[in-house]
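Hello,

Here is the structure I said I would pass on. My notes on what was found in it follow below.

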Amino acid sequence: MTEQEQIRKGLAGVVADETAISKVNPETNSLLYRGYPVQELAATQPVEAVAYLLWHGELPSDEQLAELRRAEREHRPLTAAVQAAIELVPLDAHPMDEVRTALSVLGAADLAGVGSVLDAVGTPEENLARSLRLFAALPAIVAYGQRRRRGQLPVPPRDDLDYAANFLWMAFGEEADAVVVDAFNRSMILYAEHSFNASTFTARVIASTLSDLHSAVVGAVGALKGPLHGGANEAVLHIFDEIGEAENVSAWLDEALANKRKIMGFGHRVYKRGDSRVPTMKAALDDLVAHYDRPDVARLYDALESEFVARKGIYPNLDYPSGPAYNLIGFDTVTFTPLFVAARVVGWTAHIMEQYSRNALIRPLSLYTGHEERHVAGYVPDDAAEHVSGRPEEKG
């Protein structure tokens, strides 16, 4: 096998394209959004400003941020059609199915009247507007999904609250304390973008066919649902529930490793010296632990991390602190991955628009390992010339 034919399972190490949206700086082990370390953005910016940065390439001025917020608030309400679509999804289905269905309905409404798939891609201005509408609509979708599973009615959005505070208002029907809003805002920023991850690459593959932006986002939702990607933050909470308390960590880990069980929330394809986002999210978790007076959560977190790192040398990723943080805020465990969607839709749409701007169809090759050519018993081929050309040979 030549170097060009070398198979890289999972596309590990393959550079598929260029992007100006984000990268991991190996010198500082920092995740950069348009050049800015994400920890600096999480410490200083609202999530709306980070959305603007990922879409436009620069942080907004005060006037630009105010305009984005005005437009975002206009599209917050849960539409009757989307609410009806969510209510058709069985209550015992995973809420990611609600999200996927709701986004499909939003896409169909957005493209109503478009006569041809050739016209569905739209202009850059149209796709930027679609991206903002998705960003604005997802909190109501996610919040209502959780509320209806609890037997509660949807809570209308409030125009006097920023994105993070309004999201929590619609989810719980009460204003969150400032420390909770800040922790949630930081989590949304940390989850907003991460280069060519599985769901983002899925979105870019779909966009490369010149399918529409909503279809690309729906495909990304499907990729994010998997437990090896977005579903990992749910798995972390299931692990915490299994262990129960810090004193049980050693025995639980003995059994888990003996059974070759994958411990979710640890390890990352890109980070080899630890996920650069973890310290920022761990600080947010610490704030929540203090706010809710839950030192037991911190003890369990620290015990599992130290024990696993000591045994395996594998460090936590962002899902490890975000799972217990979302739990303390009050979200149901099955809502964690939809929260990831609400954050990552900003990165997805930035990548979709970047893909459209200099598109090439993404179509890799494969190395065939099946049977060599063989034939069906009793098959009589057509005339060879007709078989090749599709018409009889001309005679005379």
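**Aromatic pairs and the core**

Phe 184 is buried, at a relative accessible area of 0% (buried means under 20% relative accessible area, exposed over 50%, partly exposed in between, with a 1.4 Å probe and protein chains only). Please note that this is a predicted model, in which local features need pLDDT of at least 70 and side-chain atom pairs count only at pLDDT 80 or more, while totals for chains, interfaces and linings use all residues. Residues are numbered from 1 along each chain as its sequence is written, and side-chain values use heavy atoms, with hydrogens and water left out.

Rings of Phe, Tyr and Trp (its six-membered ring) pair if their centres lie within 6.5 Å; planes under 30 degrees apart count as stacked, over 60 as edge-to-face and the rest as tilted. By this rule there are 15 aromatic pairs. In one of them, the ring centres of Phe 167 and Phe 184 are 5.1 Å apart and the planes stand at 85 degrees, so this pair is edge-to-face. Phe 167 belongs to helix H7 (residues 163-172) and Phe 184 to helix H8 (residues 178-190), so the pair ties together parts 17 residues apart in sequence. (Helices, H or I with at least four residues, are DSSP runs numbered from the N terminus.) Phe 167 also counts as buried, at 0% relative accessibility.

Phe 240 and Tyr 320 form another edge-to-face pair, 5.8 Å centre to centre with 70 degrees between the planes. Here Phe 240 is in helix H11 (residues 232-243) and Tyr 320 in helix H15 (residues 319-329), 80 residues apart. Both Phe 240 and Tyr 320 are buried.

One aromatic cluster includes Trp 55, Phe 135, Phe 167, Phe 184 and Phe 336.

The largest nonpolar core has 107 residues, of which Tyr 33, Leu 103, Ile 141, Phe 184 and Leu 304 touch the most other members. (A nonpolar core is a set of buried Ala, Val, Leu, Ile, Met, Phe, Trp, Tyr and Cys residues joined through side-chain atoms within 4.5 Å.) Helix H16 (residues 336-357) gives this core its largest share, 13 residues.

**Two loop residues**

Leu 210 is not a glycine, yet has a positive phi of about 65 degrees. Leu 210 lies in the loop between helix H9 (198-208) and helix H10 (213-224) and, at 42% relative accessibility, counts as partly exposed.

Lys 260, also not a glycine, has a positive phi of about 55 degrees. Its place is in the loop between helix H12 (249-258) and helix H13 (278-292). At 75% relative accessibility, Lys 260 counts as exposed.

Regards
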